[in-house]
Amino acid sequence: MSTVLTPSSAAPERTGRVRRAGPMLITGLILLALLVLVAVLAPALLGDEARTLSDRRLLGPTADHPLGTDELGRDLFARALVATRTTLLLTVAATAISVVAGVVLGLLVWLMPQRIRDLVLTANAVAVAFPGLVLALVVAAVLGPGAMSATVAVGIAGIPSFVRLTANMAAPIMVRDYVSTARLLGVPRPIVLGRHVLPNLGGPLLVLSANSFAVTLTELSGLSFIGLGVQNPEYDFGRLLADGLPHVYVQPAQIVGPSVMLVLAGAAAMFIGDGLAARSDPRLRSLVRGRRTGVLRPARSAATHEPDRDPADSALSVRDLRVTTAAGRELVAGVSFDVGPGEIVGLVGESGSGKSLTAMSAAGLVPDGVAATAGRVTAAGHDLLGPVSPGDLARDVALVYQDPISTFNPALTLESQLTEVPRVHLGVHRRRAREALAESFRELRISSPDTRGRQHPHELSGGMLQRAMIAAALLTEAKLIIADEPTTALDVTVQAEVLRRFVAAKDTLGAGMLFISHDLAVVEALCDRTLVMRGGQVVEELTRDQLARREVTHPYTRSLLAATRYLEPTEETHP
Amino acid sequence: MRARPWPVFLARKAREFVLAVAALVVLTFAIVHLIPGDPARVIAGVDASSEQVDAVRTQLGLDLPLGTQFLDHVSGLLRGDLGESYRTGQPVTDVIATRLPFTLSIALVGIAVTLVVSLALGLAVAGLTRGNRNPWLDSAFGWVTAIVLALPVYVVGAILIVLFAVTWRVLPAGGASSAAAYILPTLAIASGPIASMSRLVRREAAVVLEQDFMRTARGRRLGRVREYARHAVPNLLASTLTLSGLILAGMIGGAIVVETVFAWPGLGRAVVESIIERDYALTRGIILVIGVAAVTLNIVIDIVLAAVDPRTLRAGRALV
């Protein structure tokens, strides 16, 4: 049943999507192509201009010099373009060091004995968590400042993350059947690794390499910028930025060239990495494009209703409720019903019949992934199709959900979540709310009711949690209780106790109740009226007597009853 | 709580800390010895006479057996003695003591800003794009964060200087002389981490918001702000912190680079100068301190994580 509530039910509609390069990947590839073109052509075409000294120093942008000139009168536009080659070459070299050494090491650990492998991987984990730039500083300190040492330094600093990726990717493959088979056949481990692990590594490796290229570019240019990388008279983007920065007060345009080029190159790598990741990781891809979901709206064609009783008189009144997926598939197809004050109405049907969706929509809680429309939804006197006071609604409509464990917030104590409605909406003091909850716990025979509230959900059993949820639902003297399979998680004796409490609440509060269940025996015992749902529609409505006498007409209801009898044979004779 | 997991957990963290620091000590000790060729020659300079080279060798103790050198190094560390700067003769501990607060302050402020902003931003974007809402925001967020991630710290710093210090003249371009001077360096080092961490938070939040307990919270009609802050954030903190260690440790690197942009009198500037001048005692000392800071940061994250989410007390953060 819960599958209907999650957007995953829309999954079949997603399969039709074509796998193609997203706009991000395309933009990244175009940018990269342009940069490579500049790197190839600029030194030949603009090399002279970038070198030529002149006495026109520290100019602003002019027609001759679009980005102005530096302190030696050299054209900054030409210099920014010419620097592309050095920057890209060094970045590619450093990235290559990281990738090759990382992959080789990551595969090699699988040729080592288990103990050494664990040691290496632990050390690698520490290295991954260590700032790359500091690691690069160590290498730069050893090798001395310079383009070569900076490249090696940044390359080495990038190795641990590739070791981690490769070792992690290889781990599950090394235990797979075909690898075991190959090993049994006497194929040496290095060949197993090369034949079976490398091909599987492709996608994730490409994504990490693209991201690593962006990081390497930043770090390498950063080393040049702080003076440990490319040295004068050579220059890359980082060097150009460092040369320009002291002059920004005189000529702010000095930093434009290297900044723009650095951002373009970094963005190209980021776009390619993100684009590739989005292709391989469905979680990154957005869901079905379509209508906005998770909302309850008035039906567009305001159907003329039969003049029936005033909805304010009923606990719940629903007319022509329709729930559709974002892609337009109808899950609830025009359901109408009323629940009177003090009446318990059962809603039965198999999984996927739309009963939970109907109940949640009737409470104004349409799940994401689907959208609901209705001619009317009036719950506890509040018109949910118009603006409603949230506090009044929370007080008047109580909800009990089917899976007690996932329904509780694992990070909060019971009382902090269960007393939230009285505290937030009714202004009840924390201590007073806690006492009321303990009292309600006691009535539902929850052991040690006074200290339960301070526990976290994982410390309680599912049945205990469900009783706690029901206890909280009865705290605010609601006018409408919507309970979605509230007793499924409970054993039979507790179930009887809970059902008695529901009946008592109905009698004392005069509350109406919508009771969802697939268990006809429970429904028969509890409900004044029963709606049978199938395929998103109410196929039959039965009074308590009709159900007791098995006066059903719809074949689906008959089969439901037959299933119940099969499980719980009764002495009753039937037509 | 059945057993007492905290003492066990803290003991494990303490062991990790000691091991990592030991590795750092060995690594920083090795810097001089890994220099290709004769370290004394490299330090003294190409044009130094062989007497000068020998003098350097003796002064740095490079003529002693390796084991003795290492023991001297470690016993010095234990006494709080990191040696003297080869160039200025100043004790390395003094240099670190005067400069560390400046680096630490921008790094810590940057981390705080990053955590707060990316949690709020990531959660807001996750909420606004939930269930196909605002598809434009979904792609805009992807593009903008990708571009911000492509902006290196020093480029952001340079742009901020041009805008706020040169063009509008509202904030100082450098120096650590006033509280206002912290604004631009902090923004510069936090921008990239904010982009990557808000992406992380957004992905995690999308998962959390789909959970049943969020539907329960929604049923209490608390309003979006309370619903998210009270019910989503605590569940988000654990997964976010688990993955954010790398990002936050990376900010230490950002702090080093940003000091050059803003003429910041911190450790980053000092370590760069020491490397250029081949002042190895200073390089060693500063890298050791920065490394210990990074290790400490990681362990503090683990401890905060355990406090937020007691389940990780037993399992621990998956680093591999």
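**Chain A overall**

I began with the contacts in chain A that have a separation of 6 or more, and I found that residues 24 or more positions apart account for 70% of them. I keep in mind throughout that this is a predicted model. For the secondary structure of chain A I noted 24 helices and twelve strands, and I then looked up burial, where buried residues make up 49% of the 575 residues in the chain.

**A helix pair in chain A**

I next looked at helix α4 (residues 76-108) and helix α7 (residues 147-157) of chain A, which pack at an angle of about 40° with their axes 7 Å apart. I recorded the crossing of α4(A) past α7(A) as right-handed. On the α4(A) side the contact is made by A:L90, A:A93, A:A94, A:I97 and A:S98, and on the α7(A) side by A:A147, A:T151, A:V152, A:V154, A:G155 and A:I156. Sorting these contact residues gave me eight nonpolar, three polar and no charged.

**Where chain A meets chain B**

I then turned to the two chains together, and found 70 residues of chain A in contact with 64 residues of chain B. Several helices of chain A each supply at least two residues to the side that touches chain B, among them α5 (114-128), α6 (132-143), α10 (189-226) and α12 (256-280). That side of chain A divides into 47 nonpolar, 16 polar and seven charged residues.

**Chain B**

For chain B I consulted the unreviewed UniProt entry, which lists residues 102-128, 140-168, 174-195, 236-265 and 285-308 under "transmembrane region". I checked two of these stretches against the model: residues 102-128 of chain B are 100% helix and 0% strand, with the end C-alpha atoms 39 Å apart, whereas residues 174-195 of chain B are 59% helix and 0% strand, with the end C-alpha atoms 24 Å apart.

My last entry concerns helix α5 (residues 92-128) and helix α12 (residues 280-308) of chain B, which pack at an angle of about 45° with their axes 10 Å apart, and α5(B) and α12(B) are therefore oblique to each other. I noted that α5(B) passes α12(B) in a right-handed crossing. The contact joins B:V92, B:V95, B:I96 and B:L100 of α5(B) with B:A281, B:L282, B:G285, B:I286 and B:V289 of α12(B), and I counted its residues as eight nonpolar, one polar and no charged.

Notes. Residues numbered from 1 in each chain as written. Chains lettered and ligands numbered in written order. Predicted model: local features only at pLDDT ≥ 70, side-chain atom pairs only at ≥ 80, totals over all residues. UniProt positions renumbered as here; feature names shortened; annotations may be inferred. Helix = DSSP H or I, 4+ residues; strand = E, 2+ residues; numbered from the N terminus. Axes fitted to C-alpha atoms, helices over the stretch in contact; angles between N-to-C directions. Left-handed = near helix turned anticlockwise from the far one by under 90°. Contact = placed C-beta atoms within 7 Å. Nonpolar A, V, L, I, M, F, W, Y, C, P; charged D, E, K, R; others polar. Buried ≥ 20, exposed ≤ 12 C-beta atoms within 10 Å, placed from the backbone. Parallel < 35°, antiparallel > 145°, perpendicular 65-115°, else oblique.
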